[in-house]
Amino acid sequence: MSADLLGRGRTLVRICNACRYCEGLCAVFPALERLREASPADLHHLANLCHACGACHFACPFAPPHDFDLHVPDTFARIRAESWRAYALLPAPAGAVVLTVAAALLATAVLLAAVLLARGPEVLFIAHTGPGAFYRVLSHDAMVTLFGLAFLWGFGLPLLAALRFWRAVRPGGPVGLAAWRAALRDALVLRNLDGGGAGCPDGTDAPRDRRRLFHHLTFYGFLLCFLATSVATLYHYLLGRIAPYPWWDLPVVAGTLGGLGLVVGPLGLVVQRRRRLSELRDSADPAGDDAFSLLLALVAASGLLLLGLRATPAMPLLLVVHLGLVLALFLVLPWTRFSHAPFRFAALLRDTVERTAPRETEDPGVLPATRR
Ligand code: SF4
Ligand code: SF4
């Protein structure tokens, strides 16, 4: 961490610890009150615990133009981005937008070339129906191998990075099942993204920031798509049922609902990012975040289009485009905002352990009431 960022982070901890006005807003302030001196790992932890709701910024008398120049959301956004880089296994290539566009074009072109070489151009312009229709364009074995490896790459690298982060920030002592449950609940409901209960403020009297709603649509949309793929895999290997499936079947229903969430959620997040005041930035690379959100929405939209036109001659080309976008998504995933998910969960886990642990001055036999 640069000396400047470390200094800003430590100053923030010292001032907020003395002030404590915001301790009811989110988990960050009680967490920093438990620190005597913040190490770089502590600052990484606090930054990933911050959900960038912006509430503290509007509450703070020391925010700019005050001489203290205390800017909590922005400082944490910088430290958060630095933490993702610090624990990453591979350095991020420069230019997230160019990388995303290049990955989408290249992956689609490579898949198209593979289909042309393996099956010839004729398969691309005729309708394929019945069980195995998709695999007449690209074989099942090729899909499983390619996307299995891409999945391991896309999700494995961020998870390994988060594991390194967890090793650096984890509290001493065991992490019990109750802590895992509480951290999971906090993550699933985004407890810290409610601006202390009033919603994410945007500088107006009536906050219109809908980031939590669109984040939920994105996250649960992703989970439903993952469920659809998992169930389809079980159908294929356990029941011998070959895709495509009828519209009422679980993989199609889950995939359709998930796809809708993954179109509306990421596009909504892009709009919210544009409407947000610049001082409430929640990332060091908003353009890269937009590119990632748009790629997610494109993957989902192409999947829905494929579903709607799967019995027509448009299916083969749509399949190639959809699979190319999915492949691109997996390839760039380790360097996208996706990292915030496992990092934030690790921070929530530490927070849960700390806030339910007996304090030194308390009777160790009595667990304190859960603090926010
Ligand atoms: S952000 Fe400002 S108002 Fe809130 S605790 Fe820190 S110093 Fe106090
Ligand atoms: S979650 Fe919101 S209130 Fe808490 S530190 Fe971050 S911006 Fe401030």
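Predicted model: local features only at pLDDT ≥ 70, side-chain atom pairs only at ≥ 80, totals over all residues.
Empty space was examined first. Rolling a probe the size of a water molecule over the atoms shows where such space is left. The largest pocket has a volume of about 1,500 Å³. Its lining comprises 42 residues, and Cys 225, Ala 228, Thr 229, Ala 232 and His 322 are the closest to the pocket centre. Five helices each supply at least two lining residues: H7 (140–169), H9 (211–239), H10 (250–275), H11 (286–308) and H12 (315–332). Helix H9 provides the largest share, 10 residues. By class, the lining of the largest pocket holds 30 nonpolar, 11 polar and 1 charged residues.

The second largest pocket contains about 1,000 Å³ of space. It is lined by 35 residues. Nearest its centre lie His 215, Phe 219, Phe 338, His 340 and Ala 341. At least two lining residues come from each of H7, H8 (177–189), H9, H10, H11 and H13 (340–356). Here H9 again gives the most, with 7 residues. The lining of the second largest pocket divides into 24 nonpolar, 6 polar and 5 charged residues.

Ligand 1 was considered next. Its shell includes four cysteines, Cys 16, Cys 19, Cys 22 and Cys 60. Ile 15, Arg 20, Tyr 21, Phe 29, Pro 61, Phe 62, Leu 70 and Val 72 also surround ligand 1. Helix H1 (residues 3–19) gives the most to this shell, with 3 residues. The shell has 11 nonpolar residues, no polar ones and 1 charged.

Because 13 of its 16 residues are buried, H5 is largely enclosed by the rest of the structure.

In soluble globular proteins, nonpolar side chains tend to be buried together. The largest nonpolar core in this model has 50 residues. Val 28, Phe 29, Leu 32, Leu 46, Val 72 and Phe 76 touch the most other members. Two or more core residues come from each of H1, H2 (28–33), H3 (40–49), H4 (55–59), H5, H7, H8 and H13. Helix H13 gives the most, with 7 residues. Phe 29 and Val 72 are members of this core, and both also belong to the surroundings of ligand 1.

Conventions:
Residues numbered from 1 in each chain as written. Chains lettered and ligands numbered in written order. Heavy atoms only, no water. 1 Å grid on protein atoms, 1.4 Å probe; cavity = no way out; pocket = protein on both sides within 12 Å on 5 of 7 lines; lining within 4 Å. Points joined across faces, edges and corners; volume = space filled by probe spheres on them. Helix = DSSP H or I, 4+ residues; strand = E, 2+ residues; numbered from the N terminus. Nonpolar A, V, L, I, M, F, W, Y, C, P; charged D, E, K, R; others polar. Near = heavy atom within 4 Å. Buried < 20%, exposed > 50% of the residue type's maximum accessible area, 1.4 Å probe, protein only. Core = buried A, V, L, I, M, F, W, Y, C linked by side-chain atoms within 4.5 Å.
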